[in-house]
Amino acid sequence: MSSSHYDLITVGGGMAASALAKCMAESGAKVLILEQETRFRDRIRGEYLMPWGVAEIAALGIYDLFCRECAQKIPWIDLGMGGPPREFTTTTAQQQPAMGYSHPEMQEVLLTAAERSGAEVRRGVTVRGVEPGAPAFVIAASGKNSDRISARLVVGADGRSSQTRKWAGFELTKEPNPFLICGIVLKGVATRDDIAFVQFNPELGTVATIFPQTKGRFRVYLGYPSTMSYRLQGSGDVKLLFSEFARTAPVLAPFLSGAECIGPLASFEADDFWVKHPYRNGVALIGDAAATSDPTHGQGMAISFRDARVLRDHLLASPDWDSAGHAYASEHDNYFAKCHTAGVWQRQVFQEQTPEARLRRQKAMPLIAEDPTRVPDYLFSGPDLPMDDSVRARFFGEV
């Protein structure tokens with residue numbers, strides 16, 4: 001490895017990092033992607049992109065790449081509230097479908113696309129440190145060789161356990177949530193590949209979901225309170241997952257009767273944590289490195305792609321990348337706060353098991369059954385919707 005200077009270095013080569021790198025390389029920037037993994041594998045990460053996230057990939061210029069390579073359009077969703085399934089392309093602000101895909105497959109597609117667009121990609125590289133400044137530096141190691149590489153901007157896209165965040169001195173705020181979410185990939189699920197299912201069981205505090213992918217695969221999730229007597233982890237818990245899924249959503253259970261597990265099974269904590277103002281001194285954070293929302297509500301990938309798009313827009317709009325970084329961070333704080341608040345509201349009505357939550361449901365649920373539009377559409381239409389006390393009051397049945 002040889003030392004040199006870049007306009008932009010991404011620490012991590014995941015989907016948001018690759019999308020940003022592709023856009024910046026196409027605009028003439030000298031871009032380097034540093035990715036530790038030589039081969040991406042299934043780690044049960046976000047594989048359902050909400051309609052507002054689909055609008056973000058369209059703005060990033062990668063919509064056709066998604067559709068052509070390995071994404072499945074999912075225009076319908078059944079939320080288990082009675083009535084017909086919802087059709088996204090006519091009922092969301094973006095008039096887009098949702099999308100399902102294999103996360104590791106899409107990572108490869110976007111990383112390859114970034115390289116073809118002119119970004120330099122180094123895989124099997126371990127980043128040992130990041131030094132903020134003008135320029136900023138990244139210390140990267142491959143085998144016995146090590147480099148100290150400079151850049152106008154270093155972008156930390158190294159996930160929820162981000163080391164870039166630590167090295168650059170960002171302070172992390174964490175909000176624990178007493179829930180876990182378990183994921184598994186199946187084949188042989190007896191349902192269509194153009195409809196998703198999401199069904200909350202408020203009395204149990206659980207949620208069951210089915211999201212189609214390509215190649216006859218389906219990602220199935222079960223969200224459950226951390227107070228349960230089990231933690232679903234490993235192939236030995238597949239039968240227990242199926243039985244708890246059936247207990248949560250009996251109407252969906254027949255879809256899994258002949259299904260076969262074709263991937264790992266694991267549970268993850270549903271905590272929210274975030275950095276306030278994820279830019280400082282030549283280092284920006286995007287995706288889970290900047291903020292992680294409760295995966296129960298499926299906002300992670302949409303937020304990550306918005307991060308990439310907003311940072312790109314500010315970098316291309318100004319030759320002063322320090323000012324552009326601050327502008328990105330301020331905008332990020334606003335839309336993440338809205339996504340976070342929407343997730344808290346949903347959890348307070350549909351999942352929490354406290355006496356106060358049961359009283360909320362007694363008031364809210366009959367009204368929601370009569371008019372499902374009382375549920376704010378942030379999860380599907382995104383954080384640009386109005387958010388104020390009247391929206392909350394309508395959802396909680398206080399109006």
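Is Lys22 buried or exposed, and what is its relative accessible area?

Analyst: Lys22 is buried, with a relative accessible area of 11%; buried here means under 20%, exposed means over 50%, and partly exposed is what lies in between, using a 1.4 Å probe and protein chains only. Before going on, bear in mind that this is a predicted model, where local features need pLDDT of at least 70 and side-chain atom pairs count only at pLDDT 80 or more, while totals for chains, interfaces and linings use all residues. Residues are numbered from 1 along each chain as its sequence is written, and side-chain values use heavy atoms, with hydrogens and water left out.

Lys22 makes a salt bridge with Glu26, and their closest N and O atoms are 2.7 Å apart. The term means a side-chain nitrogen of Lys or Arg within 4 Å of a carboxyl oxygen of Asp or Glu. Both partners belong to helix α1 (residues 15-26), and they are 4 residues apart, about one turn of the helix. Helices (H or I, at least four residues) and strands (E, at least two) are DSSP runs, numbered from the N terminus. An α-helix has 3.6 residues a turn, so residues three or four places apart point the same way. Glu26 is partly exposed at 48% relative accessible area, whereas Lys22 is buried.

That pair belongs to a total of 28 salt bridges. Some of the others reach across the sequence. Take Glu203 and Arg361, whose side chains meet in a salt bridge at 3.9 Å, N to O. Glu203 sits in the loop between β14 (195-201) and β15 (206-212) and Arg361 in helix α10 (residues 355-370), so this pair ties together parts that are 158 residues apart in sequence. Glu203 is exposed, at 56% relative accessible area, but Arg361 is buried, at 5%.

Arg347 and Asp272 form another salt bridge, with 3.7 Å between the closest N and O atoms. This one also links distant parts of the chain, Arg347 being in helix α9 (residues 321-350) and Asp272 in strand β19 (residues 272-275), 75 residues apart. Here Arg347 is buried, with 4% relative accessible area, and Asp272 is buried too, with 3%. Then there's a network: salt bridges that share partners join Glu56, Arg306, Arg309, Arg312, Asp313 and Asp384. Glu56 belongs to helix α2 (residues 51-59), where the buried residues are Pro51, Trp52, Gly53, Val54, Glu56 and Ile57. Just after α2, Gly61 has a positive phi of about 80 degrees.

Now for α9 and its neighbour. Two packed helices are described by the angle between their axes and the distance between the axes. The axes of α8 (residues 300-317) and α9 come within 9 Å and cross at roughly 150 degrees; axes are lines fitted to C-alpha atoms, for helices over the stretch in contact, and angles run from 0 to 180 degrees between N-to-C directions. That makes α8 and α9 roughly antiparallel, where angles over 145 degrees count as such, under 35 as roughly parallel, 65 to 115 as roughly perpendicular and the rest as oblique. From α8, the contact takes in Ile303, Arg306, Asp307, Val310, Leu311, His314 and Leu315, which meet Trp321, Ala324, Ala327, Tyr328, Glu331, His332, Tyr335, Phe336 and Cys339 of α9. Contact means heavy atoms within 4.5 Å. Sorted by type, the residues of this contact come to 11 nonpolar, 2 polar and 3 charged; Ala, Val, Leu, Ile, Met, Phe, Trp, Tyr, Cys and Pro count as nonpolar, Asp, Glu, Lys and Arg as charged, and the others, Gly among them, as polar.

Most residues other than glycine have a negative phi, and most peptide bonds are trans. Ala134 and Pro135 are joined by a cis peptide bond, with omega about 10 degrees, and Pro135 is in the loop between β9 (126-131) and β10 (136-142). Gln95, not a glycine, has a positive phi of about 55 degrees; it sits in the loop between α4 (88-91) and β7 (98-101) and is exposed at 53%. His277 has a positive phi near 60 degrees, lies in the loop between β19 and β20 (279-280), and is partly exposed at 24%.
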